[in-house]
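Hi everyone, thanks for having me. Please have a look at the picture first.

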Amino acid sequence: MGDYKPEAGAWVQFNPLDGKGITNENVTDYRYALVESDSMPLEQQNAVMRELELPIAVMVYSGGKSVHAIVHIDAPTYEEYRRRVDYLYRVCKDNGLEIDKQNRNPSRLSRLPGVIRNGKKQFIIDRNIGKESFDEWKDYIESINDSLPDTECLKNEWDNLPELAPCLINGILRQGHKMLVAGPAKAGKSFALIELCISIAEGKPWLGFECAKGKVLYVNLELDRASCLHRFKDVYSALDFEPANLANIDVWNLRGKSIPMDKLAPKLIRRAAKKSYIAIIIDPIYKVITGDENSADQMARFCNQFDKVCTELGCAVIYCHHHSKGSQGGKRSMDRASGSGVFARDPDALLDLTQLEIKDSLILQQQDKAVCEKCAEWIERFNPDIDELCSQDDLVTASKMLEIARENLKDSAFKLLKKEISVLKEKTKNRTAWRIEGTLREFPRFKPLNLWIDYPVHKIDMSGALKDCDLEGGYSALAKGFEQSKKRPAKKTGRKEKQSY
């Protein structure tokens with residue numbers, strides 16, 4: 001140490017050096033950082049540093065207008081030192097303590113206690129105050145700044161309960177909640193979600209369930225733009241809905257541009273913030289999944305992104321996922337979605353589509369029904385008094401309706417009818433049947449709903465023809481296979497069986 005100038009005071013470096021210089025490169029151990037602010041009164045600086053519980057090794061009066069706090073950092077590397085100091089300064093700034101950012105270097109100087117500066121003494125105010133280490137202090141800060149709501153006493157809320165969120169889909173889902181639609185490939189999940197978009201936009205029922213009317217965003221991750229937009233028009237036509245509220249539907253086409261959900265969520269929130277959507281539909285989620293689909297903790301973090309969207313925007317989030325591989329009939333509906341069980345537990349409503357096994361006799365019955373209805377339509381077109389031509393038994397007998405049509409239509413009209421019937425039979429033959437089962441958090445479970453996919457839309461089986469159909473790969477199919485195996489002759493092994501006497 002040499003002489004110092006009393007009008008200027010004296011300084012000291014608080015991190016050890018290698019003796020070859022006084023720059024950042026000469027620092028050998030990143031133990032401390034300097035916290036200094038001269039933009040508020042000394043008493044206030046002192047108070048804020050203490051209230052923040054900064055891990056202060058020594059607090060020094062500078063002999064001027066600031067207090068110097070030498071704070072524990074104890075970083076293993078220079079890069080970690082910079083990260084910790086940035087965090088420290090950010091917390092100080094957020095709490096009103098403006099920091100001189102030049103002090104963030106580990107080679108920075110601080111005021112040396114015990115010397116005079118311009119007639120005032122630099123001295124130690126206090127030592128070893130606040131938390132003992134940087135890690136302990138950081139845990140403390142994050143615990144008091146967690147932004148979580150306070151606990152509530154049920155007694156105080158008992159007579160003044162908050163209103164429940166209004167229903168988005170009556171008996172299934174509330175606004176601001178989450179719903180998962182699960183099913184195998186080719187179950188028409190995307191078509192079902194487009195149907196739901198249209199039902200919400202127009203305020204019409206969806207699969208028999210009343211829907212609230214409002215704006216909806218469809219996030220398309222799978223279809224190309226043209227196919228997606230054509231599907232909306234095709235579904236509108238098949239549903240026979242007048243497109244009176246097209247302005248209620250926004251489509252965000254992201255095929256080829258999708259990003260992981262943790263990156264997509266903030267972008268989605270920013271774009272949707274001023275749109276007043278009551279529902280956002282994401283189709284499908286395998287395009288944006290981050291992490292291992294079978295990992296519960298990773299899928300929990302993934303699903304938390306949906307919570308963030310719901311909370312920030314106050315709208316429902318509806319997303320689509322696929323079944324796991326293999327037969328699904330023997331599983332509970334909530335266990336069929338691929339991956340972790342989180343997908344069953346996380347949503348407020350889970351709707352599962354599973355294909356039904358259709359017997360040839362049922363297909364033939366449906367074809368006959370379609371033929372009867374088409375014949376009746378043509379006969380009535382030219383003979384308004386159809387009741388005089390057809391009895392109740394005739395109306396449900398395909399051969400009889402064809403005979404009546406032949407007798408009462410011109411040859412040209414009958415030929416056109418036969419062409420339509422041919423197309424109709426093929427379409428009916430190619431129809432698939434499905435059952436929707438629901439697992440609900442807010443509402444009682446509804447009775448399983450049986451549907452036909454009458455391309456491109458799902459139609460409820462109003463006749464009850466599907467009520468006795470089994471799920472594909474269900475117990476009855478397994479039992480049937482077992483019974484057939486018992487009827488097969490035993491394979492010869494080439495060995496003589498022992499006889500017992």
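Let's begin with Ser 190, which touches Tyr 218, Glu 222, Arg 231 and Asp 283, leaving aside residues up to four places away in sequence. Keep in mind that we are looking at a predicted model. Ser 190 sits in helix α5. Is Ser 190 buried or exposed? Its relative accessibility is 11%, and the cut-off for buried is under 20%, so Ser 190 counts as buried.

The largest pocket has a volume of about 550 Å³. How many residues line the largest pocket? There are 25, and those nearest the centre are Ala 185, Lys 186, Ala 187, Gly 188 and Lys 189. Sorted by class, the lining has eleven nonpolar, six polar and eight charged residues.

Next comes the second largest pocket, with a volume of about 420 Å³. Its lining is made of 17 residues, and Ala 370, Glu 373, Leu 424, Arg 431 and Asp 454 lie nearest its centre. Which element supplies the largest share of that lining? That would be α10, with six residues. At least two residues each come from α10 (360-382), α13 (411-429), β18 and β19 (457-460). As for classes, this second lining holds nine charged, five nonpolar and three polar residues.

Note on methods. Residues are numbered from 1 along each chain as its sequence is written. This is a predicted model: local features need pLDDT of at least 70, side-chain atom pairs count only at pLDDT 80 or more; totals for chains, interfaces and linings use all residues. Side-chain values use heavy atoms; hydrogens and water are left out. On a 1 Å grid over the protein atoms alone, a cavity is a set of points where a 1.4 Å probe fits but cannot get out, and a pocket is an open set with protein on both sides within 12 Å along at least five of seven lines; lining residues have an atom within 4 Å of a point. Grid points are joined across faces, edges and corners, and a volume is the space filled by probe spheres set on the points. Ala, Val, Leu, Ile, Met, Phe, Trp, Tyr, Cys and Pro count as nonpolar, Asp, Glu, Lys and Arg as charged, and the others, Gly among them, as polar. Helices (H or I, at least four residues) and strands (E, at least two) are DSSP runs, numbered from the N terminus. Buried means under 20% relative accessible area, exposed over 50%, partly exposed in between (1.4 Å probe, protein chains only). Contact means heavy atoms within 4.5 Å.
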